[in-house]
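I opened a new notebook page for this chain. My entries below follow the order in which I looked things up.

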Amino acid sequence: MMQELGKDIPTYDNALSYEDYLLRKGDRLYIYVYSIDERTASLFNSGMTNSRQMVRNSMGAVSDLYTYVIDDNGNIQFPTIGDVPALGKTTRQMKYLLEEELSGLVKSLGNQSMVSVEVQVVQRSFSIIGPTRSGRYSLNKEKVTIFEALAMCGDLSDIADRREVMLIREINDSTIVKTFDLRSKSIVNSEFYYIEPNDVIYIRYMKGYSFGINHVSSAIGLVASTISFGVFIYSFVDKVVRKIQNSTQLTPGINQ
């Protein structure tokens with residue numbers, strides 16, 4: 001729960017600014033070409049002339065036919081064009097670049113049909129690690145806040161330390177790690193508010209949890225086991241002593 005600012009609640013600068021996502025190596029792009037001319041659309045859509053909705057519905061099974069992965073050189077391999085630089089561009093810039101390239105190609109073939117291109121980043125995800133439902137989750141929309149991300153995993157448990165949440169993010173072949181206090185109200189205006197594809201959110205256990213629960217449980221188990229073993233030994237020794245005493249009492253009678 002967010003709390004009012006206090007001596008132990010940090011304040012974050014008002015740095016909220018959602019910028020268009022810059023494409024990275026390994027990103028998978030869904031690209032669909034529109035044209036009034038059916039043959040032109042078929043040429044660039046792997047022979048597919050169906051509607052956009054039908055193509056998108058089929059992506060779950062044959063996504064490789066309609067998506068392009070940004071390789072280690074920062075390019076995608078697009079039919080009839082070849083290498084197209086994508087690294088560091090936005091999807092809007094990729095759209096304009098492809099429209100320019102494809103329009104020029106179509107005109108060179110004597111076709112004056114207009115070409116329009118749709119570009120989207122697909123199979124985007126983020127990961128959560130900690131005292132919650134850890135795992136990888138899909139980003140199903142362009143803007144996802146830190147609270148929406150945590151809600152996807154069922155929120156944090158009572159043993160989660162909300163004071164030190166770590167955000168691990170890859171930028172330009174480097175990894176940055178930032179720590180923030182999830183309790184602060186000012187987080188909604190901070191740089192931590194929106195998450196990006198491939199982000200890793202790491203939540204620590206509350207300090208003292210390891211000893212307070214794990215160690216205490218182990219200690220209780222050890223004590224219980226010791227007591228049980230002691231009771232067993234006492235019972236065994238007591239039976240042996242009683243048996244010896246009984247034998248001693250019966251011996252004079254037998255001798256007589």
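How many helices and strands make up the secondary structure of the chain? I counted six helices and ten strands. Helices (H or I, at least four residues) and strands (E, at least two) are DSSP runs, numbered from the N terminus.

**Ground rules**

I noted that this is a predicted model, where local features need pLDDT of at least 70, side-chain atom pairs count only at pLDDT 80 or more, and totals for chains, interfaces and linings use all residues. Residues are numbered from 1 along each chain as its sequence is written, and side-chain values use heavy atoms, with hydrogens and water left out.

**The whole chain**

I looked up how much of the chain is buried, which means under 20% relative accessible area, with exposed being over 50% and partly exposed in between (1.4 Å probe, protein chains only). Of the 256 residues in the chain, 34% are buried. The chain exposes about 16,000 Å², and carbon and sulfur atoms supply 54% of this area. Accessible areas come from the Shrake-Rupley method with a 1.4 Å probe; for residues, only the protein chains shown count as cover.

Next I looked at contacts (heavy atoms within 4.5 Å). Among contacts in the chain with a separation of 6 or more, 63% are between residues 24 or more positions apart.

**The sheet of three strands**

In what order do the strands of the open sheet of three strands lie? I read S2-S1-S5, with antiparallel pairing. Two strands pair if DSSP finds at least two bridges between them. Strand S2 (67–69) and strand S5 (115–122) are the edge strands, each pairing on one side only. From one strand to the next, the twist averages 30°. Axes here are lines fitted to C-alpha atoms, for helices over the stretch in contact, and angles run from 0 to 180 degrees between N-to-C directions.

I then followed strand S1 (residues 28–35), which is joined to S5 by eight bridges and runs antiparallel to S5. In this pair, Leu-29 stands opposite Val-121 of S5. Helix H4 (residues 91–108) packs on the sheet and touches S1 and S5; the direction of H4 makes about 145° with that of S5.

I picked Leu-105, found in helix H4. Its relative accessible area is 24%, so Leu-105 is partly exposed. What does Leu-105 contact, leaving aside its neighbours within four places in sequence? I found Phe-44 and Thr-80. Leu-105 and Thr-80 are 25 residues apart along the chain, and their C-alpha atoms are separated by 8.5 Å.

Strand S3 (residues 75–78) and strand S4 (residues 82–85) run antiparallel and are joined by four bridges. Ile-76 has Val-84 in S4 as its bridge partner.

**The sheet of five strands**

Another open sheet has five strands in the order S7-S6-S10-S8-S9, and the pairing is mixed. Strand S7 (135–138) and S9 each have a single partner strand, so one side of each is left without a neighbour in the sheet. Neighbouring strands of this sheet are turned by 20° against each other on average, direction ignored. Five bridges pair S8 with S10 in the antiparallel sense. Here I noted Ile-168 opposite Val-200 in S10.

**Salt bridges**

Side chains of opposite charge can pair when their charged atoms come close. I used this rule: a side-chain nitrogen of Lys or Arg within 4 Å of a carboxyl oxygen of Asp or Glu. The count comes to nine salt bridges.

Arg-204 and Glu-164 meet in a salt bridge at 3.2 Å, N to O. Arg-204 lies in strand S10 (residues 200–205) and Glu-164 in strand S8 (residues 160–171), 40 residues apart. Arg-204 is partly exposed at 33% relative accessibility, and Glu-164 is partly exposed at 27%.

Is Asp-199 buried or exposed? I found Asp-199 buried, with a relative accessible area of 0%. Asp-199 forms a salt bridge with Arg-169, the closest N and O atoms being 2.7 Å apart. Arg-169 also counts as buried, at 10% relative accessibility.

The side chains of Arg-183 and Asp-181 form a salt bridge at 2.8 Å, N to O. Arg-183 is buried at 11% relative accessibility, and Asp-181 is buried at 4%. Last, I noted that salt bridges with shared partners join Arg-24, Arg-169, Glu-196 and Asp-199 into one network.
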